[in-house]
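Visitor: I am new to this structure and would like a close look at a single part of it. Please take me through that part slowly, and then show me how the rest is arranged around it.

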Amino acid sequence: MSANPRIVVGVDGSPASEQALRWAVDYARAVGGTINAIAAWEYPAFYGWAGAGVPTAEAFNPEELAGKTLSDTVVKVVGDDPGVRISESVMPGNAAQALLAAAKGAALLVVGSRGLGGFSGVLLGSVSRHLTEHAPCPVVVVREGQAPAAE
């Protein structure tokens, strides 16, 4: 591991991604690492198919929305002084593609898992499962609802 390991964490504003970010920041503090918080965006599949009723790109800007969600989540989770360097990146594409691209050269990739209803204790979500199978670095999946360790 490098002297300042880069830790990539996926952030989408969900409670699971908040917990993943919190875990990643705690880990970065422990190992002297830096955080690269990533939010992905893409146009919904239906965008542009419905005709005149669909909002214009100016009225509906998923990149801007993803950036605001990312910034708001970072502030909510770590406040003004996280104790580690955090860079924020908004990337086009689906979450799995964006996180795999960002994880190249990283020491660790951290994501939350929302689970799948009654099977949440058994199965990973589709993004976290894809990442554990294809990531170029170790992956930590933080399950939603897990309490953080006491300090």
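In which helix do Asp72 and Lys68 lie, and how many residues apart are they?

Guide: Asp72 and Lys68 both lie in helix α2, four residues apart, which is about one turn of the helix. Before going further, please keep in mind that this is a predicted model, in which local features need pLDDT of at least 70 and side-chain atom pairs count only at pLDDT 80 or more, while totals for chains, interfaces and linings use all residues. Residues are numbered from 1 along each chain as its sequence is written, and side-chain values use heavy atoms, with hydrogens and water left out.

The side chains of Lys68 and Asp72 meet in a salt bridge, 2.8 Å from N to O; the term stands for a side-chain nitrogen of Lys or Arg within 4 Å of a carboxyl oxygen of Asp or Glu. Lys68 counts as exposed because its relative accessibility is 52%, whereas Asp72, at 41%, counts as partly exposed. Here buried means under 20% relative accessible area, exposed means over 50%, and partly exposed is in between, with a 1.4 Å probe and protein chains only.

Helix α2 spans residues 62-78, and it also supplies five residues to the lining of the largest pocket, the largest share. Helices (H or I, at least four residues) and strands (E, at least two) are DSSP runs, numbered from the N terminus. The pocket itself has a volume of about 630 Å³. On a 1 Å grid over the protein atoms alone, a pocket is an open set of points with protein on both sides within 12 Å along at least five of seven lines, whereas a cavity is a set where a 1.4 Å probe fits but cannot get out; lining residues have an atom within 4 Å of a point. Grid points are joined across faces, edges and corners, and the volume is the space filled by probe spheres set on the points.

The lining of this pocket comprises 31 residues, and Val11, Asp12, Ala95, Arg114 and Val127 lie nearest its centre. Besides α2, the elements that each supply at least two lining residues include α1 (15-31), β2 (34-41) and α4 (126-134). By class, the lining has 16 nonpolar, 12 polar and three charged residues, where Ala, Val, Leu, Ile, Met, Phe, Trp, Tyr, Cys and Pro count as nonpolar, Asp, Glu, Lys and Arg as charged, and the others, Gly among them, as polar.

Helix α1 holds two pairs of its own. Asp26 and Arg29, three residues apart in α1, form a salt bridge whose closest N and O atoms are 3.1 Å apart. Trp23 and Tyr27, four residues apart in α1, form a stacked aromatic pair, 5.3 Å centre to centre with 10° between the planes. Rings of Phe, Tyr and Trp (its six-membered ring) pair if their centres lie within 6.5 Å, and planes under 30 degrees apart count as stacked, over 60 as edge-to-face and the rest as tilted. Trp23 is partly exposed because its relative accessible area is 34%.

In helix α4, Arg129 and Glu133 lie four residues apart and meet in a salt bridge of 3.0 Å, N to O. A search of the whole structure finds four salt bridges. The protein chain has four helices and five strands, following the pattern β-α-β-α-β-α-β-α-β along the sequence.
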